[in-house]
Amino acid sequence: MATFNLRRFSKPEMLRRIDRKHLIAFLEPHAAYFSARGVELPPVQQEDGLDYNALSHILLTPDGSTPDDLAEALFYVNEVSTPEGFDSIQDEIAGTDIDVEIGENAAPADLAIQVWMADREIIEKVHAEQFFMNVRSFEYFKTKKNPLPDFVLPSEETLAALEADLDEWFSKKRRGKYSKVFVYPKEGHTWFLVRHGKPYAREAVIEAGESTSQYFRPEKFDVLTYNPVIGEIRMNAETKGEKELYRKKFGLHLFGNEEFFSERSRFDLEPLRQIGEEALLCDDVEGIEYVRLKEVQFFWGGAHKDIEIRRSEDMFASLRDRDKTLPAGGKIVKASFQIKFDGSKTPRSVTLSSGNRAQFKRDGDAEVIERWLGLRGFIVGAGGASDE
């Protein structure tokens with residue numbers, strides 16, 4: 001679990017927004033802990049007697065006696081008690097008995113608490129999905145299988161077997177067991193979120209006026225997306241070992257072959273030099289308003305392995321103004337683009353390397369960006385680039 005930090009539960013007024021009987025029911029399993037810290041939880045049926053100020057202080061100042069399961073529950077509920085989390089939780093419970101049982105006046109934290117008590121996996125899933133919006137650097141791997149085998153969503157048994165293999169590797173690498181794989185089918189692609197632990201961390205804390213240490217295992221989310229049309233999986237993970245683990249184990253459990261994703265995908269940046277500004281055309285890609293080239297890196301090699309970096313607010317416009325073109329020599333190894341998406345107030349950056357790595361501002365941009373990259377020939381073998 002990530003570092004315990006309750007931003008939204010730090011004020012009494014926030015606690016008062018939660019239905020009193022639900023808040024007490026949520027905290028009641030840990031009544032002895034609260035009692036030891038000076039707060040007696042009243043019976044659910046009692047109309048008053050809950051000291052919100054003292055309770056807020058306890059939640060804001062966890063110590064070594066804070067029960068792990070209480071800290072975990074508070075962390076997840078806190079993280080999804082946002083407007084976005086509120087809507088996501090409602091989407092998850094729509095049409096279920098849980099939805100029927102919860103009143104229409106539930107506030108975000110109130111809703112999160114009730115759903116956690118009914119089915120904590122729903123809250124864990126909503127929390128995990130929030131990580132789709134973070135900055136991601138993806139690496140791409142594809143299969144050589146032709147024709148492509150049909151893809152079906154993995155069953156619970158398949159996911160359990162996959163998690164068991166992941167747990168074995170994480171445990172050997174001192175990252176702890178208990179990984180969890182979440183599956184999200186979205187617009188023709190399937191997204192996988194892998195939650196797992198990182199190596200133990202130590203943090204200095206103050207307890208009773210004394211300096212001491214708190215040890216915890218940070219939480220990490222890795223993102224993988226499978227494109228069934230071209231048999232390609234992209235992944236965001238921290239280490240080479242984790243990427244190799246996912247390449248093999250997702251191939252094994254989704255397709256029965258550890259070497260299913262055996263080939264690194266390739267990006268080719270030569271269209272920038274070959275067709276110039278036309279490489280930025282996007283009229284045929286729904287969702288993109290315009291694309292501008294912001295930076296290009298050229299590798300010249302030689303005894304000193306020279307790299308030349310050129311930057312501009314709009315490189316092709318600058319070249320036109322000066323009646324210039326991109327250099328004929330040097331390999332283009334990296335390019336950064338500014339892409340304006342329909343409905344977005346500001347453009348977002350995309351960086352592409354000539355290997356198999358791309359960095360997007362948001363995970364959700366990936367499908368639209370990849371469609372544009374393929375049509376302009378930046379993806380080898382998908383829309384005009386040669387597969388040499």
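Predicted model: local features only at pLDDT ≥ 70, side-chain atom pairs only at ≥ 80, totals over all residues.

A: Patches are made of residues with over 30% relative accessible area and no salt bridge, where like charges are joined within 9 Å and nonpolar side chains (Val, Leu, Ile, Met, Phe, Trp, Tyr) within 5 Å. Accessible areas come from the Shrake-Rupley method with a 1.4 Å probe, and for residues only the protein chains shown count as cover. A salt bridge is a side-chain nitrogen of Lys or Arg within 4 Å of a carboxyl oxygen of Asp or Glu.

Q: Which residues form a nonpolar patch on the surface, then?
A: Phe 299, Ile 307 and Ile 309 do, and together they have about 260 Å² of accessible area.

Q: Okay, big picture: how many helices and strands does the chain have?
A: There are 14 helices and 13 strands. The C-alpha atoms fill a box of roughly 80 × 50 × 45 Å along the principal axes. Of the 388 residues in the chain, 47% are buried.

Q: What about the surface as a whole?
A: The chain's accessible surface is about 20200 Å², and 47% of that belongs to carbon and sulfur atoms.

Q: Back to patches: which residues form a negative one?
A: Asp 119, Glu 121, Glu 156 and Glu 157 form a negative surface patch. Lys and Arg count as positive and Asp and Glu as negative, with His and the chain ends not counted. The place of a charge is taken as NZ of Lys, CZ of Arg, CG of Asp or CD of Glu. Glu 121 lies in helix α9, residues 120–129, and at 46% relative accessibility Glu 121 is partly exposed.

Q: How many salt bridges are there?
A: The count comes to 28. One of them pairs Lys 220 with Asp 222, whose closest N and O atoms are 2.6 Å apart.

Q: Are those two buried or exposed?
A: Lys 220 is buried, with a relative accessible area of 15%, and Asp 222 is buried too, at 0%.

Q: What goes on in helix α11?
A: Lys 248 and Glu 244 form a salt bridge, with the closest N and O atoms 3.9 Å apart. They are four residues apart in helix α11 (residues 240–255), so about one helical turn separates them. Lys 248 is partly exposed at 28%, and Glu 244 is partly exposed at 34%.

Q: And Arg 247, which residue does that side chain meet?
A: Arg 247 meets Glu 259 in a salt bridge (3.1 Å, N to O). Arg 247 is in helix α11 and Glu 259 in the loop between α11 and β8 (263–264), so the pair ties together parts twelve residues apart in sequence. Arg 247 is buried at 7% relative accessibility, whereas Glu 259 is partly exposed at 38%.

Definitions and conventions. Residues numbered from 1 in each chain as written. Heavy atoms only, no water. Helix = DSSP H or I, 4+ residues; strand = E, 2+ residues; numbered from the N terminus. Buried < 20%, exposed > 50% of the residue type's maximum accessible area, 1.4 Å probe, protein only.
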